[in-house]
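Welcome! Have a look at the structure, then try each task before reading on.

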Amino acid sequence: MGFLTSAALHETGYVVLDRDDRSVDPAEWLTLEYIGWRSSGITRFAPLASYAGDLECNGFWNHTPPRADRDGVWVPSQVSKAPTLQRLALEPGANVGRCRVIELQPNTYADAIYNLHQDDNNRLNDDGAGWVVRSWRNLTDDADSLLILRADRFDPTTEVRLPLPSGSRIIVDTQRFWHAVWHRGDAPRYSLITSWSSGAELDGYIAAHHGDPRPASVDLPDALIAEAQTEMHRRIEERRQAFEAHGIVMEPPTPLN
């Protein structure tokens with residue numbers, strides 16, 4: 001049978017919606033409780049919905065009983081501080097899995113490229129269920145910062161770069177794309193990240209907000225891209241050697257293109 005997928009994501013795997021100009025009180029994300037969690041860049045997360053409503057970020061498949069990134073349980077102490085953020089996550093009417101606010105510190109383009117990663121949202125997802133995708137709703141105004149998507153982790157010609165002003169809304173099949181954010185600000189960036197299940201509800205939401213599967217990608221100098229590629233490979237090789245010194249085999253070397 002396969003999974004239910006959103007038609008709007010078939011062409012490119014991502015869409016940019018109309019910018020949301022509704023204001024959100026910064027206290028809703030600044031007063032939340034944040035915890036450390038592995039991700040791209042120097043980050044902390046404030047969970048709003050988790051596996052069982054606890055203050056944690058782990059994948060739902062790492063719990064007992066394990067399940068896909070669906071049917072998230074709201075964290076009462078968090079959503080009481082951030083009712084608007086909860087409403088934004090529920091707005092499409094799609095099933096919500098993990099939902100959290102990310103706090104990302106400023107970084108470099110090379111940092112972002114090194115930290116490119118794919119999500120694993122559909123592990124254990126049931127046949128015939130909605131394919132889980134991920135949305136970003138930027139809370140702070142980071143117009144110079146970029147969400148970076150790559151179809152091929154090591155190929156910059158597959159890269160798309162999307163700006164992140166306040167109210168920007170982007171939905172991505174993050175199992176299809178390697179992704180990270182280059183945050184060019186001088187203060188932390190905050191964004192609401194929600195796992196949504198594909199289906200009629202999400203399709204309707206995307207259509208209502210004019211989801212664009214081919215938004216303009218921001219150009220970068222060739223020299224900057226080449227420098228970041230070299231640095232990415234250097235860091236990967238450095239990490240590989242460090243782990244192998246302890247008897248742990250990491251990914252094999254990848255030649256520079």
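This is a predicted model: local features need pLDDT of at least 70, side-chain atom pairs count only at pLDDT 80 or more; totals for chains, interfaces and linings use all residues.

**Exercise 1.** Which residues of α6 are buried, and what covers them?

*Solution.* Buried means under 20% relative accessible area, exposed over 50%, and partly exposed in between (1.4 Å probe, protein chains only). By that rule, the buried residues of α6 are I225, A228, Q229, M232, H233, R235, I236 and R240. Next, look for contacts, meaning heavy atoms within 4.5 Å. The cover over these residues includes α4 (109-114), β7 (142-150) and β8 (159-164).

**Exercise 2.** How many disulfides does the structure hold?

*Solution.* A disulfide is a pair of cysteine sulfur atoms within 2.5 Å. The structure holds zero. For C57, the nearest cysteine sulfur is that of C99, 11 Å away, which is too far for a bond. C57 counts as buried because its relative accessibility is 3%. C99 is buried too, with a relative accessible area of 1%.

**Exercise 3.** How many aromatic pairs are there, and why is the pair of Y51 and F60 given the type it has?

*Solution.* Rings of Phe, Tyr and Trp (its six-membered ring) pair if their centres lie within 6.5 Å; planes under 30 degrees apart count as stacked, over 60 as edge-to-face and the rest as tilted. The count comes to seven pairs. Y51 and F60 have ring centres 5.8 Å apart and planes at 75°, so their pair is edge-to-face. W196 and Y205 also form an edge-to-face pair, 5.6 Å from centre to centre with 75° between the planes. Both Y51 and F60 are buried, and so are both W196 and Y205. Elsewhere, ring pairs link W29, Y34 and Y190 into a cluster.

**Exercise 4.** Which residues have the most contacts inside the largest nonpolar core?

*Solution.* A nonpolar core is a set of buried Ala, Val, Leu, Ile, Met, Phe, Trp, Tyr and Cys residues joined through side-chain atoms within 4.5 Å. The largest has 29 residues, and W29, L32, L48, L85, V101, I171 and L202 have the most contacts inside it. At least two core residues come from each of β3 (43-50), α3 (83-90), β5 (96-104), β11 (189-197) and α5 (200-208). Another core of 17 residues lies apart from this one, with Y14, W136, L162 and I170 among its members.

**Exercise 5.** Where does P213 lie, and which residues does P213 touch?

*Solution.* P213 lies in the loop between α5 and α6. Its relative accessibility is 18%, so P213 counts as buried. Not counting residues up to four places away in sequence, P213 touches A8, E11, T12, Y14 and V15.

Technical notes. Residues are numbered from 1 along each chain as its sequence is written. Side-chain values use heavy atoms; hydrogens and water are left out. Helices (H or I, at least four residues) and strands (E, at least two) are DSSP runs, numbered from the N terminus.
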